[in-house]
Amino acid sequence: MNISNIIVITTGMESINLISLLHSKQLVKGVVIPGAWGHIQHHLNEQLRAAGIPCFPYGKDNINQTLQSLQDISPDLGLMFFCSEKLDSDIYRIPGQGVINIHASPLPEYRGAQPIYWQIRNGETRTALTAHIVDSSLDTGPVVAQKLVEIDPYDTHHCVLGRMSEILPSLIDEIIDKAADGFIDRRPQTDQCSNLAPRINQDDLHIDWSNITSEALCNQVRAGSPHLGGAHLFLGQSVAQLLQASASDISNFDTPPGTIVRVSPGEGLIVALKEGCIRLDIVANSEGVFDGYRYACLYDFKAGMQFHKSPLLNQQGH
Amino acid sequence: MDNYKTTSTRVTMPAVQDKRLEQMFNQFLRDQLAACMNTDAENSHQEALQHSLEQLTELLLINSRPDHDQLADAFSESNIRLLNSFKLADLNETELNQSFINKHGLVISVKDTLNTVNDIYRVRSFIRGIHSALNETDSSRVTHIVYPACGPFAPLLLPLIRHYKAKGVFSPNLKISLLDIQPGAVKVLNQLIDDLDIREYIHEVLCMDVMDYQPELPIDLLVLEALQHGFTKEGHMAFACHLSQFLSAEARMIPEKLSVTAFLNKGQREYVDQWKDQERAHSDFLDSEIQNERIMLGEIFSLTLETLKSIKLIPFGENARLVECNQITIPQDIPDINKYILNLAVNIATYSTETLNEYDSGITCPVPDMSVCIDFKPKAPEPDDLLVKSGDKIKFYYKMTATPGFLPTIA
Ligand SMILES: C[S@@+](CC[C@H](N)C(=O)[O-])C[C@H]1O[C@@H](n2cnc3c(N)ncnc32)[C@H](O)[C@@H]1O
């Protein structure tokens, strides 16, 4: 069969290029924006309408109305990408060939809301963009297409996101081709999944100075950069975002983890870990973006001072 | 981004430093002394520097203690001159700002050592102590003075040497070795020695780690002051242990005795209430009522030439060593003992009758050891917490590590 009626389900502005591409091929018949709308969703809605693409809200108050409109369109295929909302299953039954979700991990690994973050944080060196049929539970349906993506040692979250966005159009072409055959070579997922990719909370951005290795800290920082402010630094009353860190071969002289071991223009800001040291390369706060040395100078941080894991608020002693 | 404005539970130390001195110092940094330094100006700088240090030293050597304001004025005058020499040394950013920790302790930046000279009563006590020690030496023989980790101004010694130069005494029999690991400090020292015109007293100025120093001459007088309050952070103990092998038979050490005692008190009373109506901290202003509330636990350690000779070093990890110290007992029958914190206080006998008592200087301010929790469990435990009960015996060790200080353990 020929696929000519597609609906897109999305919540993020990142999807706009892809929608335009599909629109230029006259394939998109509508875009569903589920959940409660914030300013991003309103903005997306405006952009799409301006391009003449119908948009449908899919929240508590308008489910039935939207389902009815979609049925009228009678789409061949649903494509879900950059979507942070979980939908109920009624909508998945409407397109003839079902709804395909695009997930940023080699499923079944890293099911969940933040796959790129957790893959970088865990030091993965390659990932995949996976297209799978949406079924009743999250990220579990049969896989219909997959494209490998490298993760380089210096990649941040948005580097990987960008690389994935580049290959997304070719993955979509593949999906459309395969949809024409009714996805005969679909491959069910196994249940073997050793890593999950849950939503990130504030604690995930704190640095566990007493245990972390330099490699793990560099990865944590890359994973959160730039959108989450890398990882968070706390010293005294000061809070800052650590946006880049590198392993350092300066000895920690067995000083307690988190202790500043060196501050100098040449070597930067060096902090002890349980093993070895880390160099804090780029730090940002509401006052600016600094290299480690300048950050230390500005806030009068010097050798011997110690970063702590969480804001002082939680650190009541006596 | 989020801004966490909270109150820290850390105890804020009373200020030892004189307020005006501090303001003056800040003013200096702000203005960066716009003065242009042509040759004439340089000569007049040298004269003014020499004169101010001579006046300062004379004031310090007077037997009755001068009025605090008079002392503060003299220090402020000298400090301006010293900072001029510092300016002339023209340090680059690394020389000025780098700070680091090495195997034996903290090395603070030259910028942060610039105002150690303003610690009035410390300088006074050491200058007077060194002066009496030198007056007891045989002036016909060479005396090798070593002042390791002396900082950019070697403030505990050089004012006195300028005084000797002006009086025409002790030359050529004093041979002074000055050491500092910070290249910037050594650069300033050399500038200062020239500006003070005291090169004839100087044997060597070395930029090196004290722990690598192998003197050519035995040490007759060791001037050692590399510690922060509570006898922590800097390598004083390691330096003393290393240098002891080079001491001559009659060697003296300044300070002659450094004694650390432990006491319990309520942090609020000791560090806040006691000082709330005082402009600065000094042993003169101790509040006798609050002092009576202290529960004294005894001396945990003392450093003299005698104890240095008999010190037992216990290997600790790969590079570090421990020194065994004394044991104390947490008393029983004190109803609200869980409100008390353990504090360590340093008292210094510089030489003969010269002393430096608690709160007289930044280095003799008592320091609370918040890791020791007496009869309570901390709400937010830290890895190095030591939970103790009244009646427990606490045995102390001194850690000669990159973060030197006392390590309390349950005996
Ligand atoms: C607090 S400062 C100056 C102390 C000096 N007695 C005074 O009153 O100003 C300590 C100095 O010790 C130096 N220092 C620290 N560790 C050292 C080491 N291992 N070898 C040589 N110098 C060291 C630092 O560079 C710094 O200048």
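I started with B:Ala154, which is buried at 0% relative accessibility (buried means under 20% relative accessible area, with a 1.4 Å probe and protein chains only). B:Ala154 has a positive phi of about 40° although it is not a glycine. I placed B:Ala154 in the loop between strand S3 (143-147) and helix H7 (158-167) of chain B; helices (H or I, at least four residues) and strands (E, at least two) are DSSP runs, numbered from the N terminus.

Housekeeping: this is a predicted model, where local features need pLDDT of at least 70, side-chain atom pairs count only at pLDDT 80 or more, and totals for chains, interfaces and linings use all residues. Residues are numbered from 1 along each chain as its sequence is written, chains are lettered from A and ligands numbered from 1 in the order written, and side-chain values use heavy atoms, with hydrogens and water left out.

Next I looked at A:Asp139, where phi is near 55°. A:Asp139 is buried too, at 6% relative accessible area, and lies in the loop between strand S6 (126-133) and strand S7 (143-150) of chain A.

I also checked for cis peptide bonds. A:Leu107 to A:Pro108 is cis, with omega near 15°, and A:Ser225 to A:Pro226 is cis, with omega about -5°.

Last, the ligand. I noted polar contacts (N or O atoms within 3.5 Å) to ligand nitrogen atoms: a polar side-chain atom of B:Asp209 at 2.9 Å, and a backbone N or O atom of B:Ile181 at 3.1 Å.

Note on methods: Polar contact = N/O pair within 3.5 Å; in protein donor to acceptor, adjacent residues only side chain to side chain. Buried < 20%, exposed > 50% of the residue type's maximum accessible area, 1.4 Å probe, protein only.
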